[in-house]
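I opened this notebook to record what I looked up around the ligand and at one helix pair. The entries follow below.

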Amino acid sequence: MSIGPAVAAESLEQPLASGQNRRRVRPAVLSPIGLGAIAGSLVLAFFVAFGPLIWGEAATVADLTQLSAPPSPEHPLGTDAGGRDVLARVLTAAQLSVLMALAATFLGVTLGVLVGFLPTILPRRGARFVVSATGIALAFPALLLTIVVSIVVGTGILGAVLAIGFAMVPFFARLAQTLAASVSGRDYVLAARVLGVGRFRILLRHVLPNVRDPLIVNASIGAGGALVAFAGLSFLGLGVQAPQFDWGRLLNEGLSKIYVNPATALAPGIAVVFAGVVFTLIGETLAQALGVENATRARHRRPLERPAPSDEPVDPDAVLTVRGLRISVPAEDGWTHPVDGVDFDVMRGEIVGIVGESGSGKSLTCMAVAALVEEPLVASAQSVRFDGREVVRNGVIPSSPAAELAHHLGTRMAFVFQDPSTSLNPALHVGPQVAEIGRLHENLSRREADERMLDRLRAVQIDDPERRAHQYPHEYSGGMRQRAMIASGLMGEPALIIADEPTTALDVTVQREVLSLLNDINREKDVAILLVSHDIAVVTSICTRVLVMYRGRVVEDITTDDLVAGRAVHPYTRALVESVPTMDAVPGSPFATIAERERFPVEQLEPVS
Ligand SMILES: Nc1ncnc2c1ncn2[C@@H]1O[C@H](COP(=O)(O)OP(=O)(O)OP(=O)(O)O)[C@@H](O)[C@H]1O
């Protein structure tokens with residue numbers, strides 16, 4: 001007997017926008033699973049509503065001349081040991097079986113969610129107690145819990161509903177706790193706290209709407225599990241007692257006569273399976289309609305075109321060559337491409353900037369180069385050649401590259417992310433996190449890795465590295481955290497550092513320190529740098545060449561000197577430069593902004609260099 005739904009854990013943590021939900025409902029309902037769920041629920045609902053009315057009498061009237069009779073025109077599935085029609089009994093039992101499953105699920109989900117949300121509103125100690133108690137209850141086998149409750153409360157309908165309902169509580173409590181915890185740390189919840197919004201109100205306004213959908217999906221699938229659990233309980237003699245009967249009880253009675261009339265056991269068994277499948281189909285349809293993505297939907301999406309490999313000769317001085325990079329995002333009717341047809345090179349020891357408005361595809365381009373684009377997004381390209389190795393396999397950049405390529409990328413490429421506060425694990429000291437890279441990729445002993453870590457922390461100008469290595473990230477300033485991230489990138493011997501908006505989250509003085517640190521590393525270690533920024537001033541301060549991205553393409557590849565001297569050719573680049581405020585602007589005049597997209601239609605996307 002297993003109680004509890006089975007939707008993939010990772011898919012449970014997706015907060016879902018209601019607008020998206022509405023757009024997903026139609027395709028979900030019209031899919032084969034959705035149609036199956038509707039047809040199955042109609043059939044089930046009919047038997048639940050009218051079963052006892054139509055077949056109730058035939059199900060209870062005993063024909064003493066036909067005890068355990070085989071199937072006949074009068075009794076299509078034969079009769080049971082008491083001479084009652086098997087088919088009529090199975091159809092009549094639908095009502096009790098399904099209603100009990102729904103009642104137990106309602107009890108289990110309601111209590112579970114209440115217990116699960118307690119840690120969100122309780123003070124820390126109370127919250128810890130509830131979380132630990134849930135963990136202990138979850139570790140207790142569900143079957144034993146069901147039997148214990150059933151014996152304590154007493155057998156019969158009420159006992160069975162309470163037993164199965166209580167057995168479901170720990171699962172839903174843990175699910176609600178996990179979902180609530182994943183939302184509680186989000187910025188909008190923290191912002192509400194700062195504004196003095198009470199815990200209970202935060203729970204209702206911010207947490208509940210974001211965890212509701214996965215709970216509904218799991219409740220629906222859980223009802224199928226409850227149905228099977230009831231059958232098990234009645235089969236053990238602890239469920240429904242005579243003269244009442246559910247499918248479990250019929251199964252119990254029928255098994256003893258299986259050699260006389262197999263239908264007496266098979267029919268209630270098939271009914272349990274049918275209803276269980278219907279509940280699961282409902283859950284699957286809800287999952288699709290509410291946007292809880294699953295593997296089936298992804299499998300049915302139109303396949304992506306895979307580009308043919310590029311046979312263009314590669315410049316031996318280039319550390320990175322990108323040809324025909326395209327990133328595809330699954331959409332309802334196929335794929336959209338936020339990055340489409342990007343080509344560029346980065347030479348050894350060169351500092352190249354990528355600029356462009358928000359959403360132009362700068363970050364995705366860098367993520368793809370580092371093989372960090374993950375499902376459901378797909379990065380494809382004719383070629384991405386980094387430091388002598390081809391990253392593209394069969395037209396796509398694998399999100400989990402083979403061990404050798406992963407090792408190469410891990411040691412020869414470093415990635416510095418925008419937000420230094422989320423780049424480091426808050427639960428671990430900084431030093432071991434930096435040292436870990438050396439142990440993982442360079443096979444260094446703990447001692448060697450620690451020595452190199454201290455050396456690298458020193459190189460990025462973190463004072464007193466021996467002490468700082470034993471501090472947590474929250475004890476570092478923003479600039480120090482960013483420098484620690486750069487230090488971990490230097491644990492190998494990188495040929496390229498990709499820095500994606502490394503200074504955006506920092507104030508201007510710290511910004512300057514981080515930029516000059518990158519500059520020093522470039523000069524001293526001859527490391528190439530690909531620097532992403534939406535700030536032209538930042539890029540022109542250290543880069544020798546700039547790639548201008550607009551709507552997923554590189555529209556201009558220009559030297560910094562030409563850019564600064566106003567020699568940009570592409571109208572978008574010129575507009576981007578003109579939008580940078582200057583000291584000689586007329587006081588009181590409005591800031592220059594880039595005009596709406598219509599001014600740069602797709603025809604003007606033709607790259608210039
Ligand atoms: N996981 C994702 N799923 C769907 N779309 C995505 C995903 N990640 C990025 N996008 C979309 O791809 C486009 C490019 O995103 P990207 O992060 O590369 O932009 P960007 O140029 O780096 O912008 P910013 O300067 O704001 O960071 C955006 O329209 C974004 O909405």
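I sorted the shell around the ligand by class and found four nonpolar, five polar and three charged residues. In this sorting Ala, Val, Leu, Ile, Met, Phe, Trp, Tyr, Cys and Pro count as nonpolar, Asp, Glu, Lys and Arg as charged, and the others, Gly among them, as polar. The model is a predicted one, in which local features need pLDDT of at least 70 and side-chain atom pairs pLDDT 80 or more, whereas totals for chains, interfaces and linings use all residues. Residues are numbered from 1 along each chain as its sequence is written, and side-chain values use heavy atoms, without hydrogens and water.

I then listed the surroundings of the ligand, which include Val329, Pro338, Glu357, Leu377 and Glu501; a residue is near if one of its heavy atoms lies within 4 Å. Helix α12 (residues 362–369) gives the largest share of this shell, three residues. Helices here are DSSP runs (H or I, at least four residues), numbered from the N terminus.

Next I looked up polar contacts, pairs of N or O atoms within 3.5 Å. An oxygen atom of the ligand lies 2.8 Å from a backbone N or O atom of Gly359. For the side chain of Lys362, the distance from an N or O atom to a ligand oxygen is 2.9 Å. Ser363 places a polar side-chain atom 2.7 Å from an oxygen atom of the ligand.

Last, I turned to helix α3 (residues 86–121) and helix α6 (residues 157–184), which pack at about 40 degrees with axes 5 Å apart. Axes are lines fitted to C-alpha atoms over the stretch in contact, and angles run from 0 to 180 degrees between N-to-C directions. Their contact has 22 nonpolar, eight polar and no charged residues.

Methods: Helix = DSSP H or I, 4+ residues; strand = E, 2+ residues; numbered from the N terminus. Polar contact = N/O pair within 3.5 Å; in protein donor to acceptor, adjacent residues only side chain to side chain.
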